[in-house]
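The structure comes first, and the description follows.

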Amino acid sequence: MLVTPRGQSPRVSAARPQSGVVRALPFEGGDHELVQAILAGRADAATVFYDSHVDSVQRLAFRLLGPDTEIEDVVHDVFLRALESMSRLRDPAALKGWVFGITIRVVRTRIQRRIRQRWLRIMDPNEVPDVAITSDAGLSEAMRGVYAILERLPADERIALVLHRVEGLSLEQAAAACETSLATLRRRLARAETKFFSRAEKTPSLAPWLRGHHQ
């Protein structure tokens, strides 16, 4: 009988089994070995992949969408797409950035869909339901102000701003995650920063916070 951790496939130890029980060994190796193990169909590798990246995916999704009931669905879609397309990953060393890129594409699609839904509601409010948003009672007034401004930015500009200003990615890293040129990323970021700080300075809850931060 094989006894393995939940959600993992068995890996037989070279050690002599005791009492007829063979236990799975924990996954060992870096991103290259992890990708190869996933491609080989090892369930334990998929679990390690999820556990290693779920926090960063959730954080990025939250920072792009704000407090939102769709974040769980975003995370699910990201890992589903990643596992399905792992064979197309050319450089396993770039695994984290690749996952970020998938997250960005999933979030961008949802943002653009919401924009279309808003226009549909304007045209016929009885046919398109509102997008459910979680309660923001726990957010500070400043945070609500930030997300209110981000909500008004075009998807690509919002993504560029969050990746560089919030996630701390370099311009080169942000451009790679967005699958665009450095020049394009710079233009999106410049437009986003201009709009964000202009609107933030007119938002009472943000104006004091911005003093000394916007140079």
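## The second largest pocket

In this predicted model, the second largest pocket has a volume of about 370 Å³. Its lining is made up of 18 residues, and those closest to the centre of the pocket are A94, K96, G97, W98 and A177.

Two elements give two or more residues to this lining: α4 (95–123) and α7 (171–177). Helix α4 gives the most, with six residues. By class, the lining of the second largest pocket holds eight charged, seven nonpolar and three polar residues.

## Helices α2 and α6

Helix α2 covers residues 43–65 and helix α6 covers residues 155–166; they pack at an angle of about 125°, and their axes are 10 Å apart.

On the α2 side the contact is made by L60, R63, L64 and L65, and on the α6 side by R158, I159, V162, L163 and V166. Seven residues of this contact are nonpolar and two are charged, with no polar ones.

## Helices α5 and α8

Helix α5 (residues 141–152) packs with helix α8 (residues 182–200) at an angle of about 140°, and the axes of the two are 10 Å apart. That angle makes α5 oblique to α8. The crossing of α5 and α8 is right-handed.

From α5, the residues V146, I149, L150 and R152 meet F196, R199 and A200 of α8. The contact of α5 with α8 divides into five nonpolar and two charged residues, and no polar residue takes part.

## Helices α6 and α8

Helix α8 also packs with α6: their axes come within 8 Å and cross at roughly 90°. Since angles of 65 to 115 degrees count as roughly perpendicular, α6 is roughly perpendicular to α8.

In α6, the residues D156, E157, A160, L161, H164 and R165 take part in the contact. They meet L185, R188, L189, R191, A192, E193, K195, F196 and F197 in α8. By class, the contact of α6 with α8 has seven nonpolar, seven charged and one polar residue.

How values were computed. Residues numbered from 1 in each chain as written. Predicted model: local features only at pLDDT ≥ 70, side-chain atom pairs only at ≥ 80, totals over all residues. Heavy atoms only, no water. 1 Å grid on protein atoms, 1.4 Å probe; cavity = no way out; pocket = protein on both sides within 12 Å on 5 of 7 lines; lining within 4 Å. Points joined across faces, edges and corners; volume = space filled by probe spheres on them. Helix = DSSP H or I, 4+ residues; strand = E, 2+ residues; numbered from the N terminus. Nonpolar A, V, L, I, M, F, W, Y, C, P; charged D, E, K, R; others polar. Axes fitted to C-alpha atoms, helices over the stretch in contact; angles between N-to-C directions. Contact = heavy atoms within 4.5 Å. Parallel < 35°, antiparallel > 145°, perpendicular 65-115°, else oblique. Left-handed = near helix turned anticlockwise from the far one by under 90°.
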